[in-house]
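Dear colleague,

I am passing on the structure we spoke about, with the sequence alongside.

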Amino acid sequence: MVKQYRATTMSTKGMVTTPHYLASQAALSVLQKGGNAIEAAIAAASTIGVVYPHMNGIGGDNFWLIYNAKSTELKAINSSGRSGEKATIECYRSKGFEKIPSRGALAANTVPGAVAGWGEAYNYAQAEMEGSLSWESLLESAIGYAEEGFPVTPSQEHWTTVNLDESDTEFRALQRFEEFTRVFLKDGKPYKAGEIMKQEDLAQALKLIAENGAEYLYNSELTEKIVADLQKHGGILTVEDFKTHISDWVEPISVKYRDYTAYNLPPNTQGMASLSILNILNHIDLQHLEEGSSTYYHVLVEAIKHAFVDRDRYLTDPAFVQIPLDELLSEQHGLEIAEKIKESRLAKELQLLDAKGDTVWFGVVDEYGNAVSFIQSIYHEFGSGFIPEGTGIVLQNRGSFFSLDENHVNALAPRKRSFHTLNPAMLLKSGKPALVYGTMGGEGQPQTQAALVTRIVDYGMSMQEAIEAPRWLYGRTWGASSNSLKVENRINEGVRDELAGLGHELEVLEDFTDTMGHAGAIFIDEETNVKFGGADPRGDGVAIGY
């Protein structure tokens, strides 16, 4: 049995889990005022964008899975931004680039969709879910922390320090950006954990959005301010790019898993990979494998590798490429891969995977039976590192993941959405939410989702046990040149030796490393309606209910 460090949180009415305690409290406060799951999610999303600024913010993107208890429908919003009208391969090549810069104004080549996502979800909550709270009231917590300050987390201190490495001007050295230094450093150094940080410019931007609605970010003086400073520093987004942003309602995709149906978002997200893993594992009897054994880890990692092959071959904006989703998520395809894994005892070697960025996931279930699985990101820590002067808004660098090779599936083109790692998940049973779950951590998201589902569904673990159990990450991290299987040190040496014997190149990391992401989960008991919430000790979050 896995040692449990925290208790699983239980409640009868509402439940929230986020990777930052102040965001969890903001959402819970909304639920206790009678707000619904969407309203609580907006409060959490805006708050966490202020108090966890290295991981997300209003300059990023988000995705939503929303269960409406009244209509018994599961809906999804893709609020990722598209590249600008001037974002062409020729534009970057003419400036001498062979790849899109990872940081700076030219890395910020996609419109930030996050605030539009909040607005789209809010309008739906009012129209279809008896929403009762004002838009302005949902941003109060975020504005308060931006204006009056909040205590900096150890996570923010750590990642600020990492990103001041002057020897790495591709991914780090963010002090080269004047506004970054002004906002995130104190006398040229990172804020220390526990010190109070204020973001007056961001508070002002949030106030204007609170007073005028989500569209204010996309068509106002604030838009002009963002674009003017971006262009002054060589950026290519235009006011027209912001004005034409649209967040889309999309049809969730699904596969069967045991007695459940697993749901996720369609491309341009890697939700297809998360579901593909479960589709493969559904044809393997995990209950005959010991959880935590070398065979358990081996089987899951091999399923992950196969799912990633399909993902990397096809995943991009579906408006540009036909993606054979039905075939990739078919029962037959899952069965064929499961048989291959059973037949071959050794680890399969695959092409190198690119390292991918940082994010926040959280879940909310309200007393009315509505549920939200939500994810928001600026891609790398601190996104592009570029903050348009006087706005306090850290712009994402999601568009730096586009390829400048015109034959690449994720090739840059104007008004295109990039391959997106973000994918919020939910399991439904008998048409109702049973497990709301997800994690941050780019490449690790589908892997940790598989860990949570197998541990909860197949092995009957509690939320905290499943989240706290030792985790792994297959793939590369920044600057690494090979795909290793990273494992937490708590996976015992005997199991690690057996994995190496199966052909896995192992890299042992410390216990509870945040390289493994910050996972969360809420399970709803179908008989008692009790909600069981868990939050990751690798992050700064809590699961709280009432």
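**Helix packing around H2**

In this model, which is predicted, the axes of H2 and helix H4 (residues 114–128) come within 9 Å of each other and cross at roughly 160°. Because angles over 145 degrees count as roughly antiparallel, H2 and H4 are therefore described as roughly antiparallel to each other, and their crossing is left-handed. On the H2 side the contact is made by Ile38, Glu39, Ile42, Ala45 and Ser46, while H4 contributes Trp118, Ala121, Tyr122, Tyr124, Ala125 and Gln126. Sorted by class, this contact of H2 with H4 has eight nonpolar, two polar and one charged residues.

H2 (residues 37–51) also meets helix H6 (residues 140–148), where the axes come within 7 Å and cross at roughly 15°. H2 and H6 are therefore roughly parallel to each other, and the crossing of this pair is right-handed. Here the contact is made by Ser46, Thr47, Val50 and Val51 of H2, together with Ser141, Ala142, Tyr145 and Ala146 of H6. By class, the contact of H2 with H6 has five nonpolar, three polar and no charged residues.

**The nonpolar cores**

The largest nonpolar core has 83 residues, and those with the most contacts inside it are Ile38, Ile42, Trp64, Ile66, Trp118 and Ile393. H2 gives the most to this core, with 11 residues.

**Backbone details to look at**

Arg258 is found in the loop between strand E10 (253–257) and E11, and Arg258 is partly exposed, with a relative accessible area of 27%. Phe382, for its part, is found in the loop between strand E13 (371–379) and strand E14 (425–429), and at 0% relative accessibility Phe382 counts as buried.

There is also a cis peptide bond, running from Pro267 to Asn268, with omega near 25°. Asn268 is found in the loop between strand E11 (260–264) and helix H12 (271–281).

**Leu452 in helix H16**

Finally, which residues is Leu452 in contact with, once its neighbours within four places in sequence are left aside? They are Tyr437, Gly438, Ala466, Ile467, Ala519 and Gly520. Leu452 has its place in helix H16 (residues 445–458), and at 0% relative accessibility Leu452 counts as buried. The C-alpha atoms of Leu452 and Gly383, which are 69 residues apart along the chain, are separated by 28 Å.

With best wishes

Notes
Residues are numbered from 1 along each chain as its sequence is written. This is a predicted model: local features need pLDDT of at least 70, side-chain atom pairs count only at pLDDT 80 or more; totals for chains, interfaces and linings use all residues. Side-chain values use heavy atoms; hydrogens and water are left out. Axes are lines fitted to C-alpha atoms, for helices over the stretch in contact, and angles run from 0 to 180 degrees between N-to-C directions. Helices (H or I, at least four residues) and strands (E, at least two) are DSSP runs, numbered from the N terminus. Angles under 35 degrees count as roughly parallel, over 145 as roughly antiparallel, 65 to 115 as roughly perpendicular and the rest as oblique. A crossing is left-handed if the near helix is turned anticlockwise from the far one by less than a right angle, and right-handed if clockwise. Contact means heavy atoms within 4.5 Å. Ala, Val, Leu, Ile, Met, Phe, Trp, Tyr, Cys and Pro count as nonpolar, Asp, Glu, Lys and Arg as charged, and the others, Gly among them, as polar. A nonpolar core is a set of buried Ala, Val, Leu, Ile, Met, Phe, Trp, Tyr and Cys residues joined through side-chain atoms within 4.5 Å. Buried means under 20% relative accessible area, exposed over 50%, partly exposed in between (1.4 Å probe, protein chains only).
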